[in-house]
Amino acid sequence: MLSDPGAPAIITVAAGNDATWTNADLLDMAGGAIDVLDTHGVPSGEYVPALLTTRPVSVAMLLAGALSSRPLAPLGPRMTEAELLTCIQRLDGGDRKSGG
């Protein structure tokens, strides 16, 4: 990515709304995502639950997590509230409702 910042990193194709994000664009978005994680005090090694889609900003968020040693736990936007809660409770290996 760093060797050719102007090269396409992500190309989206949609009816009448095609777009290209370069390596530099993706790294810039990832840098912004790292800033958000820093601002919220997320420590290194902490899993970060995130509702992700297939959009470029989600790819940037995944990259930010990898670059900053804060792995994202991707959650699907179509998951029900109960499914989301179960996934979040399991992130640390325990059930937060029961404490273990």
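**Nonpolar core and helix packing**

The largest nonpolar core of this predicted model contains 15 residues, and those with the most contacts inside it are L26, L37, V48, L52, M61, A64 and L72. Such a core is a set of buried Ala, Val, Leu, Ile, Met, Phe, Trp, Tyr and Cys residues joined through side-chain atoms within 4.5 Å. Two or more residues of this core come from each of α1 (23-39), β3 (48-51) and α2 (56-67); helices (H or I, at least four residues) and strands (E, at least two) are DSSP runs, numbered from the N terminus. The largest share, 5 residues, is given by α1.

Residues are numbered from 1 along each chain as its sequence is written. Local features need pLDDT of at least 70, side-chain atom pairs count only at pLDDT 80 or more, totals for chains, interfaces and linings use all residues, and side-chain values use heavy atoms, with hydrogens and water left out.

Leaving aside residues up to four places away in sequence, L52 touches S58, M61, L62, L72, P74, L75, G76 and P77, where contact means heavy atoms within 4.5 Å.

Helices α1 and α2 pack at an angle of about 60°, and their axes are 8 Å apart. Axes are lines fitted to C-alpha atoms, for helices over the stretch in contact, and angles run from 0 to 180 degrees between N-to-C directions. On the α1 side the contact is made by L26, L27, M29, A30, A33, I34 and L37, and on the α2 side by P56, V57, V59, A60, M61, L63, A64 and L67.

T22 is found in strand β2 (residues 19-22). T22 counts as buried because its relative accessibility is 19%, the limit being under 20% relative accessible area (1.4 Å probe, protein chains only).

Terms used. Buried < 20%, exposed > 50% of the residue type's maximum accessible area, 1.4 Å probe, protein only.
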